[in-house]
Amino acid sequence: MSEEPCTIAAIATAPGRGAVAIVRVSGPDAFAVAERLTGRRAEPGRIAIRTLSLDGAILDRCVVLAFAAPRSYTGEDVVEFQCHGGSVTPRRILEACFSSGARLARRGEFTERAFLNGCMDLSEAEGVIELVDAKTDRAADDALSRQGGSAARAYRALYDKVLRLSSTLEHALDVDESDLPPTFLDEATTEAAAAKHEIERALARAREGRILRDGALVVLAGPPNAGKSSLMNALLGTSRAIVSATPGTTRDSIEEWLDVGGWPVRLVDTAGLRGTADEIEAEGVRRAEALVAKADIVLALDCEVDGAVRVHSKCDISREDGALNVSSVTGEGLDALKAAIVARLSSLSANADEDTPTPSDREKSLLAEARAALDVGMADPVLAANAVRRAADALARLVGAVYSDDLLDSLFSRFCVGK
Ligand SMILES: Nc1nc2c(ncn2[C@@H]2O[C@H](COP(=O)(O)OP(=O)(O)O)[C@@H](O)[C@H]2O)c(=O)[nH]1
Ligand SMILES: [Mg+2]
């Protein structure tokens with residue numbers, strides 16, 4: 001990452017048949033690449049329609065957009081060729097970019113450069129990939145707010161506060177204790193407590209953040225033949241799980257994505273909970289129990305599970321008081337069940353402060369590290385200075401003020417090539 005920035009190119013659009021594809025070029029030679037292919041100088045800020053050719057062979061006629069550094073996505077000179085889609089034209093234009101001096105971009109390298117050039121911080125970069133990966137509206141909205149920089153601003157303000165406190169405390173170690181105001185340590189303690197409170201507010205949204213990004217784990221549990229697999233299929237609107245009157249049919253857990261009122265949900269059908277001599281079914285039961293233990297929401301069909309939504313299926317045949325009555329045959333109660341899931345998930349954010357970001361896993365572990373450092377206590381100036389310095393170190397990594405190549409590799413390798 002410390003080598004001279006070279007010029008990179010990639011197809012930014014999804015592969016396959018499509019009306020338009022975009023080939024993106026970024027780096028010091030981006031305009032030279034465009035000039036070589038169009039025979040004309042790049043014109044930043046203008047929309048140009050140009051014929052691209054290489055060594056006399058016409059490649060396509062396309063829209064050429066040029067962005068001059070630093071006013072581009074990456075902060076470098078950027079050119080985008082909007083060409084015809086499909087598998088041949090974008091590839092040929094990309095190869096022409098290679099013959100003109102560019103190399104293939106790594107995954108996420110455009111966004112990595114944007115980060116390295118100060119165009120966005122790590123929270124915003126994570127917001128970019130979350131937006132691309134978002135499976136529901138709510139997840140996309142959350143990613144947009146992160147990408148828009150609100151999380152970045154909140155973390156940056158927190159970092160600045162802790163960093164300032166840290167340097168005040170370091171400074172205090174260098175001067176004679178009698179020269180410090182008598183309230184010095186009290187004031188520092190108050191400030192550290194305020195920072196810790198803010199960290200805890202963000203950590204309180206970690207579960208919501210995880211659900212928006214990874215989906216809420218909603219597990220169907222209950223005895224054999226309670227109607228779990230049928231309910232899975234009814235909620236999905238497809239015949240995904242095998243339904244049978246034979247008890248013990250479902251052994252493996254079956255997982256599918258579902259959008260429930262804008263929340264991404266991983267709906268899992270499990271083996272019926274019962275004692276069984278069948279070894280394979282018994283393994284299924286163990287897996288079902290493990291899933292119930294880590295579920296965000298358990299839909300307990302005809303059984304009692306702590307904190308679960310109690311459901312009674314087959315309400316076209318019989319009903320049960322105190323349970324949500326649903327029928328996978330008539331569809332009765334399915335909307336009420338979805339509403340119950342949404343209500344549970346919404347309650348996660350009910351007390352959340354909208355200005356508090358929903359941390360990613362990476363951010364969550366660094367926030368936890370900062371909180372643990374501040375937990376150590378501020379009993380004397382040396383301890384206090386140590387605690388706050390360690391908190392500031394964790395937050396520095398959170399905002400990307402310090403970072404390692406390994407971190408960038410692991411973060412940006414989750415991106416697509418071309419992003
Ligand atoms: N009438 C009626 N039958 C159902 C309903 N849901 C499931 N069944 C039947 O109950 C039996 C067991 O269903 P299944 O979904 O395999 O239960 P599981 O073992 O809990 O997964 C099958 O014969 C289904 O056709 C329902 O809502 N109404
Ligand atoms: Mg089943």
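Domain bounds here come from an automatic or database domain assignment. On that basis, the chain holds domain 1 (8-121), domain 2 (125-205 + 356-399) and domain 3 (213-349), and the centres of domain 1 and domain 2, taken over C-alpha atoms, are separated by 39 Å.

Welcome to a quick tour of this structure. This is a predicted model, in which local features need pLDDT of at least 70, side-chain atom pairs count only at pLDDT 80 or more, and totals for chains, interfaces and linings use all residues. Residues are numbered from 1 along each chain as its sequence is written, while chains are lettered from A and ligands numbered from 1 in the order in which they are written.

**Confidence**
- The chain has a mean pLDDT (the predictor's confidence in each residue, from 0 to 100) of 91, and 99% of its residues reach 70 or more.
- Confidence is highest in strand β5 (residues 78-84), at 98, and lowest in α14, at a mean of 84; helices (H or I, at least four residues) and strands (E, at least two) are DSSP runs, numbered from the N terminus.

**Where domains 1 and 2 meet**
- Contact (C-beta atoms, placed from the backbone, within 7 Å) links 4 residues of domain 1 with 4 residues of domain 2.
- On the domain 1 side, these residues divide into 2 nonpolar, 1 polar and 1 charged.
- Ala, Val, Leu, Ile, Met, Phe, Trp, Tyr, Cys and Pro count as nonpolar, Asp, Glu, Lys and Arg as charged, and the others, Gly among them, as polar.

**Helix α3**
- In helix α3 (residues 109-116), 7 of the 8 residues are buried, that is, 20 or more other C-beta atoms, placed from the backbone, lie within 10 Å of the residue's own.
- The buried residues are Glu109, Phe110, Thr111, Glu112, Arg113, Ala114 and Phe115.
- Their cover includes β1 (8-11), β2 (20-26), α4 (122-133) and α14 (405-412).
- After α3 comes Gly118, which has a positive phi near 80 degrees.

**The six-stranded sheet**
- An open sheet of 6 strands runs in the order β8-β9-β7-β10-β11-β12, with mixed pairing; strands pair if DSSP finds at least two bridges between them.
- At the edges, β8 (254-260) and β12 (324-325) each pair on one side only.
- Strands β7 (residues 216-221) and β9 (residues 263-269) run parallel and are joined by 5 bridges.
- Val219 has Val268 in β9 as its bridge partner.

**Around ligand 1**
- Ligand 1 is surrounded by 20 residues, and the closest are Gly227, Lys228, Ser229, Ser230 and Ala245; a residue is near a molecule if its C-beta atom, placed from the backbone, lies within 6 Å of it.
- The shell divides into 6 nonpolar, 11 polar and 3 charged residues.

How values were computed. Two residues are in contact if their C-beta atoms, placed from the backbone, lie within 7 Å. A residue is buried if 20 or more other C-beta atoms lie within 10 Å of its own, exposed if 12 or fewer, and partly exposed in between; C-beta atoms are placed from the backbone.
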